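Biologist: Before I use this model, I want each label set against its definition. Please go through them one at a time.

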Amino acid sequence: MKRLRNFAQALAATCLALSVAPAFADKANDTLKVAFTGEINNVDSYFNTTRGGVVLQRAIWDGLVHRDTATGEYVGNLATSWEWIDDTTLEFKLREGVVFHDGSPFTADDVVGTVEFIANPDSGVVTQRFVSWLAGAEKIDDLTVRLNLAEVFPSALEYLSGPISIYPSDYYAEVGPDGMGLKPIGTGPYRVESVKPGESYLLKKNEDYFDGPKGSPDIGTIDIRTIPDVNTQIAELFTGNINVAWRLPSDLAQKLDGTPGVMVTSASSIRVGFLMMDSAGRTGDTPLTDVRVRQAINHAINRQEMVDSLLKGGSKVVNTPCFPEQFGCVQEYVEYQYDPEKAKALLAEAGYDDGLSIEIYAFSNQDYVEAVAGYLSQVGITLDIKMLKFPAVLDKMMNDAAPMVFMSSGSWSLNDVSAIISEFFKHGAVDFARDDEILEWLDVADTAVDPEVRKEYYGKAIMKITEQAYWAPMFSYNTFYAFTDDVDYTPTNDEILHFVNMKWK
Amino acid sequence: MTQTVTNPTGAAFDRDPLLEQILGPTPGQMLRRRVLGHQGLLIGGAVIALLALMAIFAPLIAPHDPFAQSLMNRMEPPVFLGGSWEHPLGTDHLGRDYLSRLIYGARVSLLIGVVAAVISGVIGTTMGVAAGYFGGRVDAVVTFLINVRLAMPVVLVALAVVAILGGSLTVVTTVVGLLLWDRFAVVMRASTRQVRAREYVAAARAVGASTPRILLTEIMPNIANNLIVVVTLEMAHAILIEAALSFLGLGVQPPTPSWGLMVSEGKTMMLFEPWLVLIPGAVLFTLVLAINLMGDGLRDVTAPENRN
């Protein structure tokens, strides 16, 4: 009996301890806990390929320029003004009095150091497209710097406001990308307290943050943890162990909506999903070289139904090989309405009235791919689905072994179609169309200084891509966020969590 | 109470009850009695028979086309959770009938179980019998191969191979079949060693029977009971590996209905729609349990020590 009583006491004590022990994420201790699904390969943003890394980049560092997500206008960030000296030279006046997290002042030397490093192909910046347009930089005086472009590059400001952030040059030269990844130092609204690679990232408010266009940070501590399983994230959200979960599957988000204490919001994103088809016949003899087959595929998929039932939220059907609000994504195209009968007729005309079978490769969004397969089976096209890891799919694409691929592109959050159309239609390894005319137009559009000329030539390319049905553009994505209801934040359409704009209610 | 039996000379005669009492039941009768008296074997066998019939007659039984999607009717709950009889087990994330997919999924599981067990059985038995019968260098080589094979983690190797070759029913079946022969080899080797030392094998050899003849007519029938047990164990093993691979996205490719794949597809909604995972999980559990029950039962009724 005594033993039983002891046990009961111990149990009660444990329950009591459990009920008060965990440090819940909340307003009281000014700590916002955030869950990331994937690991970040390197916090150094030039060696990162993950979405989580982009979020950290925007919190830790600043670029010379900032794009207002609401108006789309470029404003000075680390720079206060700029001027095109000629087509390939851009001069910046830098902001005075900015200091890095380690206390060292920000000067023109840091800009020169960073640009010289990233512009050098030997540095091995992972996404060369971000930096290959830069040739170098020169210091005019402590607060004036000139960027030299390797080519005429009209979207320079867009790239400077996005992936290109300025590092403290002496520190970077000393520690290199690995050191920077473990102990990052920047000028941004949050400084890094600790990095446990693949596990957790602790950020503290930068009390000395300058009064810039990003706004000033409000929440004191941001505690980011990697939680790969989305169900675990939700459970943590329920128990108050995290405040923010993002990029949630739409079904889960919908179920979560209405749960007391949890707030679900969504923001449409620049990411566009599409089917790539081997129209150039790179994989050998494939029915996809016939334009009628490609058009039939475009007609056979009920994209509206997919948007309504699978993607939900702010997703939209997209008819162009780019996000409609991107610069240069001219909305003049050949539209393919959902019309299975027409699809069947086109297939019959092409000589495939007995049906045909095509291999499709994909690395994510298995449900979308299966839904597409379901629609295509209605018109007699059997899709042989191959779900592989991303590197394996890329390998198939580059080695001419993938007749059809389901792919999505977020244009690296860049608001310019050069980040998607020029990526996929300039005869690179992932160009399935290999259309010489389109290549010519894109060359003009990518390097023209006059925005109207750019639009005209991108427009030509878009018209031909849709007319020839090189792709089946599908829909724009949508990012679902779940917050505990004490967090005040409005998500933006760039698929980035901006900690600097988050507040407690 | 008389019955006609055939005596060794071939002439039929009426067997009277007295004689029956003296002679006792025939071996066939004894086997039948042991089978009917073994609950595990009966239950396991019945479940497997049921699932096998379901797999064979899937097109007749399934209420809907397992591939027909209806995005407007996604994730409808099963009838016992408030769903409709139109979809007794509900619908999946693409609005496909869950019961139909479950029924067709039995085909994949049983096919992989049987074919993989046959492939590994042929390989393992050949190696094991050869090692046990010939001994010496053959035995050394086979033992070495068994050790090599045992040092490889099956699921990891299967994952790697499927990741390289791409998942498909054929690839998964073949890979699993090529990986699971070790238990066959070990058991067959040990049983063959025991049997080859028996007098009747020596006798067969003495009258000049050829080696293949001895292996086929003297050795094989006497190690068959062990073989049957290993076959059932490996069938269950293969089915689980297929489910694991499909769950990890490297097994049978969608939209082919496979129970492992169904668990995987329901995984993201596990918190809110647990039945999406529980239903295929429960069926998988039942099948594997039934196969193991049957294997145990077969061992019990065929083992020589239970014959008397």
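Biologist: How many positive and negative side chains does chain A have, and how far apart are the centres of the two sets?

Modeller: Chain A carries 42 positive and 73 negative side chains, with 8 Å between the centres of the two sets. Lys and Arg count as positive, Asp and Glu as negative, while His and the chain ends are not counted. Each charge is placed at NZ of Lys, CZ of Arg, CG of Asp or CD of Glu.

Biologist: What kind of model is this, and which pLDDT limits apply?

Modeller: The model is predicted: local features need pLDDT of at least 70 and side-chain atom pairs pLDDT 80 or more, whereas totals for chains, interfaces and linings use all residues. Residues are numbered from 1 along each chain as written, chains are lettered from A and ligands numbered from 1 in the order written, and side-chain values use heavy atoms, without hydrogens and water.

Biologist: What makes the radius of gyration of chain A agree with that of a compact globule?

Modeller: The rule is 2.2 Å times the number of residues to the power 0.38, with the radius taken over C-alpha atoms. For 505 residues a compact globule would be near 23 Å; chain A has 25 Å, and therefore the two agree. The C-alpha atoms fill a box of roughly 80 × 80 × 35 Å along the principal axes.

Biologist: Why is helix 2 of chain A called largely enclosed?

Modeller: Buried means under 20% relative accessible area, exposed over 50%, and partly exposed in between (1.4 Å probe, protein chains only). In helix 2 (residues 51-60) of chain A, 10 of the 10 residues are buried, so the rest of the structure largely encloses this helix. Among them are Arg51(A), Val54(A) and Ile60(A). A helix here is a DSSP run of H or I with at least four residues, and a strand a run of E with at least two, numbered from the N terminus. Over chain A, buried residues make up 56% of the 505.

Biologist: Why is Asn365(A) called partly exposed?

Modeller: Its relative accessible area is 22%, so Asn365(A) counts as partly exposed. Asn365(A) sits in the loop between strand 13 (356-362) and helix 12 (366-378) of chain A. Its phi is near 55°, a positive value in a residue other than glycine. Most residues other than glycine have a negative phi.

Biologist: Where does Arg434(A) lie, and what is its phi?

Modeller: Arg434(A) is in the loop between helix 14 (421-424) and helix 15 (436-447) of chain A. Its phi is positive, about 55°, although Arg434(A) is not a glycine. With 32% relative accessibility, Arg434(A) is partly exposed.
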